Amino acid sequence: MGSGDEVVEIDSLERGLLSDKRIKDEVDDDTILYTASFQEKEDNFVKYQTVQWLLYSLLLILAWGIGLFMLLYLPVRRYILRKDIQSRKLYVTQDAIVYEVTRPVPFPCFGVLKKEKHVLLPSVRDIVIEQGYLQSLFGVYSLRIENIGVRRPPSDDVQIQGVANPSDFRKAVLTRLSNMRSEAFSRQASAIEEIPNPKTSISSLTWLSASKPLRHDSSPYSGDLALLQKLEEVGCSVKRVQTLIEEQHCQTSEPVIELVVQDTRRV
């Protein structure tokens, strides 16, 4: 009985783990926006690399004779290239560009080399599509992901060869970048709208001070209301002083005007 219960528990645990893995895979699939393909250009890529390797081998045969060993290594080289392009994965997620590859080491008997590169979308400036003369003969394209910031040498950029539809991949990345920038702009605009206007707050305080008498309470605006009321009193007193000065000036100027009029009559 104990062994049967243990088998049931193990089966339930396995089903739970498989269900969790399936849920995780579904979530990961939902986050992928675009997936690039390499299968259509596999043969062309291997031929292009083979011709390039042969040219280097012939040049090195004329120079030092090392090219002979490179020619003997050519079948292994083709095997590594084919495994390399078959294992490549390039896709665009919500926040990054992910590039994964698993390639054999120069001597495949010693294992494989795994590489995973994540490039954050906010740091991407542009996706450059390149094609040299030899690449154009075989229909192979190269993608180069440029970064934002201080200009770095092209060797620091992520370079990928053998993508089947590079223009579609570039369009997917630029579309996602434009959507991210529009979302960031809308968030900034909403944040600016939520900030209160200081002019409206001051006008509301003055209206409160004019409509309600000042009371000594513990509200946070009591000090501001008292200050505004004092400023109004000072303004009223200044206006009264100005009116008094103007009245005195008018009174002193009237007798002078009468004397001038009398002198003109005598003349």
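Mentor: Of the contacts in the protein chain with a separation of 6 or more, 52% are between residues 24 or more positions apart; contact here means heavy atoms within 4.5 Å. Before we zoom in, note that this is a predicted model, where local features need pLDDT of at least 70, side-chain atom pairs count only at pLDDT 80 or more, and totals for chains, interfaces and linings use all residues. Residues are numbered from 1 along each chain as its sequence is written, and side-chain values use heavy atoms, with hydrogens and water left out.

The chain comes to 8 helices and 7 strands, taken as DSSP runs numbered from the N terminus (helices are H or I, at least four residues; strands are E, at least two).

Beyond its neighbours within four places in sequence, Ser87 touches Glu100, Val101, Thr102 and Arg103.

Now S2 itself. Strands count as paired if DSSP finds at least two bridges between them. S2 runs antiparallel to S1 (residues 34–36), with 3 bridges, and Leu90 is the bridge partner of Ala36. S2 is also antiparallel to S3 (residues 96–104), this time through 4 bridges, and there Lys89 is partnered with Glu100. S2 and S3 make a hairpin, with 3 residues between them.

Leu90 turns up again in the largest nonpolar core, which has 25 residues; Leu90, Ile97, Ile127, Phe169 and Val173 have the most contacts inside it. Such a core is a set of buried Ala, Val, Leu, Ile, Met, Phe, Trp, Tyr and Cys residues joined through side-chain atoms within 4.5 Å, with buried meaning under 20% relative accessible area (1.4 Å probe, protein chains only). Among the elements that each supply at least two of its residues are H4, S2, S3 and strand S5 (124–130), while H6 gives the most, with 4. Ile127's contacts, leaving aside neighbours within four places, include Ile97, Phe169 and Val173. In soluble globular proteins, nonpolar side chains tend to be buried together.

Zooming back out, 23% of the chain's 267 residues count as buried.

Terms used: Buried < 20%, exposed > 50% of the residue type's maximum accessible area, 1.4 Å probe, protein only.
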